[in-house]
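Trainee: Could we take a close look at one part of this model together? I would like to start with a single residue and follow where it leads.

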Amino acid sequence: SLILEVNSIINCRTMEDVEAPACFYKSMTFWSFVILTYLGTIGFNVGNSISDAICFDVLGEHRLMKYGKQRIYGSIGFGITSLVAGYAMDVHSNDWTAAILIMLAFATIDMFSITKLKLPKFHTSDSIYKDVSRLVRHRKIAIFLCFATIAGIFDSFIFYYMFWHLEEVAEKTNLKDHVKLIEGMTVAAECLFGEVLFFLISGKIIKKLGYIHCLSFCFF
């Protein structure tokens, strides 16, 4: 049985037919990656939601339209660091160490900044489950949650499959040595030329169209 197991591992690494992917999906490496990606995505999205909520609390009710001018710095940082990390990885032959070091450096700065942030005090819920259940019963909130879920599904297809597509295009066009820089440039273009522009004028657009029409337009 040990010989069969060893042969199976060798075949998984060398075969190019349908059995090799099947073996790959049974490996500990694959499922470890899936679990870590799952936990990381939860942390990333929860962090985004909390930071947005904190930003609105700091701005207050009378300055909510200035959210875009605050959020713009996140897009600038996202775009620049993606570009720098992509270039660093290509220089070091697709070694992920460069990207991880850049991430750790900026995460350290971020953690230091958070400790200096003065947040307004707000009341906590006595029963989160009851409060959430009461909110979900409202038709408008239920519709918004459905909208957010579907929009999130669409966004995930774009965000993840875009890089998969870029990897395949780079392989077909013999640009595999520069694929990380290309991916970094793609994110930089999205953030610096797309998000930055619309965050600057988001307040005026919302005042003109209203929240409902803006959400419908984004969904479309």
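In which helix does phenylalanine 44 lie?

Mentor: Phenylalanine 44 lies in helix α3, residues 28-59 (helices are DSSP runs of H or I, at least four residues, numbered from the N terminus). This is a predicted model, where local features need pLDDT of at least 70, side-chain atom pairs need 80 or more, and totals for chains, interfaces and linings use all residues. Residues are numbered from 1 along each chain, and side-chain values use heavy atoms, without hydrogens or water.

Phenylalanine 44 has a relative accessible area of 48% (Shrake-Rupley, 1.4 Å probe, protein chains as cover), so this residue counts as partly exposed (between buried, under 20%, and exposed, over 50%). Phenylalanine 44 also belongs to a nonpolar surface patch of about 1,100 Å², whose other members include Phe78, Ile150, Trp164 and Phe219. Patch residues have over 30% relative accessible area and no salt bridge, with nonpolar side chains joined within 5 Å and like charges within 9 Å (a salt bridge is a Lys or Arg side-chain nitrogen within 4 Å of an Asp or Glu carboxyl oxygen). Helix α7, residues 139-172, gives this nonpolar patch its largest share, eight residues.

Now compare helix α8, residues 179-209, where lysine 207 lies. Lysine 207 is exposed because its relative accessibility is 64%. Glutamate 183 is in helix α8 too, but this residue is buried because its relative accessible area is 9%. Beyond its neighbours within four places in sequence, glutamate 183 is in contact (heavy atoms within 4.5 Å) with Phe163, Leu166 and Glu167.

How values were computed. Helix = DSSP H or I, 4+ residues; strand = E, 2+ residues; numbered from the N terminus.
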